[in-house]
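Hi,

Here is the structure I promised to pass on.

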Amino acid sequence: MTHPPQLTTSAQGLLASGAWTTAYLAALEQMTDDADARESSGRIDVAGIVALDTFGAWLLERLRRRIGPDAEFVGVPAHFQGLFDSLSKVNQPSAKAGAGNPVLHLLERVGRAAESTGADLLALVAMLGALGEALLRVLLNPRRLRLTSSVHQLDRVAWQATPIILLITFLIGCIIAQQGIFHFRKFGADDYVVDLVGILILREIGVLLVAIMVAGRSGSSYTAEIGSMKMREEIDALRTMGLNPVEVLLLPRVVALVIALPLLTFVGSIAALYGGGVVAWLYGGMSPEIFIARLKEAISLDHFKVGIIKAPFMALMIGAVACVEGLKVKGSAESLGLQTTSSVVKSIFIVIVLDGLFAIFFASIGM
């Protein structure tokens, strides 16, 4: 038995009845478009509707909004109430920017930012704990180590990254030496450029620059890979097979990063010192023999140790942040892009903060 839809006007408002479904698509659109909102009295009685789908409910909701903000549905059958409630929240106009108390809006933004930062820190700590737990299981049972995966990741983040690390650090060493000679020459202190290059490269710039480059190159790659696996439900599939995703996917990547970053820091620092020596020779007229002799006097083993000690900790934080952001990816390409960007930004921020904390620590112990 069919129930054609109807929309009539009465003293109590508009009366909707019959079947409001896509089977009567053309008729429903015509009725709602022709309905006179001025004769509705702000009420739409839907008690007579016997069949309803999302299309029909949305036409009624659109009609209600056309009548006015105070318009309401009456006589809604209980089994249709959820659909009406859901559609009433769709495409609602947002509040005007700047409306209300600006101080309260500022406090709200600060509070939300603090809440988001706290959630990020908790997620990072949880990831570090999960990695530590997985590492402990591997140490207790070395057969669980994914050796092939670890070596593959080490090749990617260390060996394949070496050329670009060498090039960038060499150029940075050249720039620091050139600027040092240019300014020290005004005071007749050209020789002190060796101290500047040696100490700055070994203690700070070498490890910091390499860590930032690794965060942008390898950290973003980790986030994109893990995020893609999350989107394709490969991580859920691993759990279904009884495998731990942290142990299978995340630990080999982080271990490779912790091993690679000190090696890259060493190689990058040597390249930067070489670049500084080349510029001191060609631009400053300082022979390589004098540069090397002065460098031996200017630096000590402590300067080298300060830079190398920082590297594994920075690598651990870069890897943990990359894994956390990768696991946050939802089911869209937009989410993948946002989390990859967030991973790089957060990694670089944490690396710089960590470098500052290490600088304070080493100064306090006299290194």
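Let me start with a loop: E233 sits in the one between α7 (192-231) and α8 (234-240). Bear in mind throughout that this is a predicted model. With a relative accessibility of 53%, E233 counts as exposed, because the cut-off for that is over 50%.

Next, the helix packing. How do α6 and α9 pack? Their axes are 7 Å apart, at an angle of about 40 degrees. That angle makes α6 oblique to α9, and α6 passes α9 in a right-handed crossing. If you want to colour the contact, the α6 side includes I165, L166, F170, G173 and C174, and among the residues they meet on the α9 side are L264, V267, G268, Y274 and G275.

Which residues does G275 touch, leaving aside its neighbours within four places in sequence? The contacts are F170, G173 and C174, and these three are also among the α6 residues in the packing with α9. I also checked G275 against I176: they are 99 residues apart along the chain, yet their C-alpha atoms are separated by 9.1 Å.

Helix α9 has another partner in α4 (residues 102-140), with the two axes 10 Å apart and an angle of about 95 degrees. The two helices are therefore roughly perpendicular to each other. On the α4 side the contact includes M127, A130, L131 and R137, and on the α9 side V246, E247, L250 and V254 are among the residues involved.

Now the aromatics. How many aromatic pairs does a search of the whole structure find? It comes up with six. Take F73 and F84: their ring centres are 4.7 Å apart and their planes are at 55 degrees, so the pair is tilted. This pair links distant parts of the chain, with F73 in strand β4 (residues 72-74) and F84 in helix α3 (residues 81-88), eleven residues apart.

F170 and Y274 make another tilted pair, at 6.1 Å centre to centre and 35 degrees between the planes. Here too distant parts of the chain are linked: F170 is in helix α6 (residues 162-184) and Y274 in helix α9 (residues 245-282), 104 residues apart. F170 and Y274 are also both on the list of residues where α6 meets α9. As for accessibility, F170 is partly exposed, with a relative accessible area of 25%, whereas Y274 counts as exposed at 58%. Elsewhere, F313, F358, F361 and F362 form one aromatic cluster.

Finally, two arginines over tyrosine rings. R253 lies over the face of Y222, at 5.8 Å from the ring centre. R294 does likewise with Y192, at 5.1 Å from the ring centre.

Cheers

Key. Residues numbered from 1 in each chain as written. Predicted model: local features only at pLDDT ≥ 70, side-chain atom pairs only at ≥ 80, totals over all residues. Heavy atoms only, no water. Phe/Tyr/Trp six-rings, centres within 6.5 Å; stacked < 30°, edge-to-face > 60°. Helix = DSSP H or I, 4+ residues; strand = E, 2+ residues; numbered from the N terminus. Buried < 20%, exposed > 50% of the residue type's maximum accessible area, 1.4 Å probe, protein only. Lys NZ or Arg CZ within 6 Å of the ring centre and 35° of its normal. Axes fitted to C-alpha atoms, helices over the stretch in contact; angles between N-to-C directions. Parallel < 35°, antiparallel > 145°, perpendicular 65-115°, else oblique. Left-handed = near helix turned anticlockwise from the far one by under 90°. Contact = heavy atoms within 4.5 Å.
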